[in-house]
Amino acid sequence: MMADDQILHGVPPSLSAAVVGSFAYLTVRDRLPTILTKVIDTIHRNKNKFFEEYGEEGIQAEKQAISLLSKLRNEMQTDKPMLALTDGLQDSESWNQYLQRQQRLQGDQEPVSWFKSPWLYVECYMYRRIHEAVWLNPPINNYDVFNEGKTQSFFESQQAVMALCTYLQEVSKNMEELSKNQLCEHFNKLLQVSLWGNKCDLSISAGQENSQKTSPIESLDSLQPFILVDDSNMVWSTLTSAERSGEVEETATGRVDIVLDNAGFELVTDLVLADFLVSSGLVREVHFHGKSLPWFVSDVTARDFQWTIKQAMAANHRWMSKCGAQWQRYMKEGVWVYHDHPFWTLPHEFCDMAAGAPDLYAALSEADLLLFKGDLNYRKLTGDRDWQHTVGFQTALRGFGPAPLCSLRTLKANVQVGLQPGQGEKLASLNPDWMTCGQYAVVQFFSLKSEQT
Ligand code: F6P
Ligand code: MG
């Protein structure tokens with residue numbers, strides 16, 4: 001870790017696979033090639049399906065895509081220089097400029113390569129290159145190589161999804177009679193369910209099945225000690241701030257934006273939370289932000305979002321299908337809005353958003369509360385840097401703060417800020433892998449408004 005005085009003069013370095021034995025190193029050496037191999041297998045396994053749909057052309061496309069992906073795996077494993085993108089898609093210019101900037105920063109002697117560059121960049125780049133390999137090969141260019149895994153993880157968590165939808169329906173039945181305290185209690189529960197939903201991503205498990213099997217509400221008490229930073233009271237007061245400033249209780253805060261992470265069970269937990277926010281009258285609108293290309297194995301795309309709502313509607317379970325129908329109505333009525341923006345699938349830290357994607361920054365500023373789901377969003381919030389654990393969240397955000405924001409994240413990468421002195425050391429002595437094992441979590445809040453008052 002860096003010393004405080006060094007941090008004052010700049011920011012700590014990016015995490016990188018250059019540090020042999022680090023989590024970033026092990027990821028680039030082992031986990032990313034495993035993910036790539038699974039992608040290749042998936043495409044190959046679907047050969048017959050491509051043939052049935054597109055004939056010989058489909059087979060040719062499958063072969064070409066596999067050849068590009070095998071080349072990519074070889075480049076990664078032999079630490080070759082990163083290459084410019086060639087697919088001419090809307091974001092390819094930004095990627096290529098980023099590479100040039102990275103090259104300037106590193107100096108011309110050493111090429112920007114897989115094991116020598118910032119981990120965040122390298123990992124994002126791999127997913128973008130997977131997209132390129134598929135996109136360059138019509139007619140299979142719209143194929144989502146992660147779709148099977150996402151679908152499977154949704155079906156494997158059916159029991160937990162039903163339990164959650166049932167809970168929501170029970171709460172909704174008596175919503176009008178609930179006191180503020182009871183409302184707050186339910187809110188905290190659903191916030192935590194959404195938090196722990198983040199355990200179920202398929203990137204940390206390199207695509208291995210990792211779904212929620214038990215009732216999510218019942219496990220909350222036993223999980224509480226694993227929440228390292230819990231700012232949920234600040235989230236609650238942000239939601240109910242209209243009341244505090246003396247306005248009438250019916251004035252809903254307005255708008256909450258959820259920057260989504262994974263499909264499957266996690267997405268359902270986010271939808272249930274969003275439903276509660278609206279049906280309780282706490283919020284008028286919820287805006288969701290997903291990915292515009294298949295990303296980090298299990299991240300939500302527009303297709304996953306619509307599919308999940310449809311699946312819920314069609315479920316053979318009274319409360320689940322009721323939830324699905326309600327979610328569909330919210331979408332139709334514009335109470336819920338789904339967005340995607342190319343910035344979410346660029347390798348940038350979020351402190352670059354205001355300059356790099358001013359339209360997105362302005363859109364997020366319209367929200368009264370931003371919920372950032374998951375580990376990758378946390379890495380981007382904090383720049384994926386080697387921060388000391390006691391550095392404040394605000395410092396690590398480096399000026400990013402379009403609206404009051406909260407990260408709901410289970411720890412799967414070795415960056416964590418905002419801890420108490422000694423807390424990191426204590427955790428390390430209990431479990432050396434505390435930052436990457438996915439067992440700990442944070443509900444970490446920041447608002448410029450509370451800094452100014
Ligand atoms: O650490 C494992 C990892 O794949 C990271 O590379 C990435 O940040 C994270 O998991 C993805 O997790 P999440 O889905 O929570 O963003
Ligand atoms: Mg994810």
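Predicted model: local features only at pLDDT ≥ 70, side-chain atom pairs only at ≥ 80, totals over all residues.
Next, bring up the magnesium ion (ligand 2). D299 coordinates the ion through OD, alongside D261 (OD) and N262 (OD1), at 2.1 to 2.2 Å. Along the chain, the donors follow the spacing D-N-x36-D. Now color the flanking elements: D261 sits in the loop between β2 (255-259) and α13 (265-279), while D299 sits in the loop between β3 (285-290) and α14 (302-314), so the pair ties together parts 38 residues apart in sequence. Click on D261 too, and you'll find another buried residue, at 6% relative accessibility.

Then hop over to K412, in the loop between β6 (405-410) and α20 (423-430). Is K412 buried or exposed? Its relative accessible area is 6%, so K412 is buried. Show its side chain along with the backbone of N198: the backbone oxygen of N198 is 2.6 Å from a polar atom of the K412 side chain.

Last stop, a helix pair. Select α5 (residues 92-106) and α6 (residues 119-135), which pack at about 150° with their axes 12 Å apart. The crossing of α5 past α6 is left-handed. For the contact itself, show S92, W95, Y98, L99 and Q102 on α5, then Y121, C124, Y125 and R128 on α6. Color these by type and you get six nonpolar, two polar and one charged.

Terms used:
Residues numbered from 1 in each chain as written. Chains lettered and ligands numbered in written order. Heavy atoms only, no water. Donors = N, O, S within 2.8 Å, 3.2 Å for Na, K, Ca; no water. Helix = DSSP H or I, 4+ residues; strand = E, 2+ residues; numbered from the N terminus. Buried < 20%, exposed > 50% of the residue type's maximum accessible area, 1.4 Å probe, protein only. Axes fitted to C-alpha atoms, helices over the stretch in contact; angles between N-to-C directions. Left-handed = near helix turned anticlockwise from the far one by under 90°. Contact = heavy atoms within 4.5 Å. Nonpolar A, V, L, I, M, F, W, Y, C, P; charged D, E, K, R; others polar. Polar contact = N/O pair within 3.5 Å; in protein donor to acceptor, adjacent residues only side chain to side chain.
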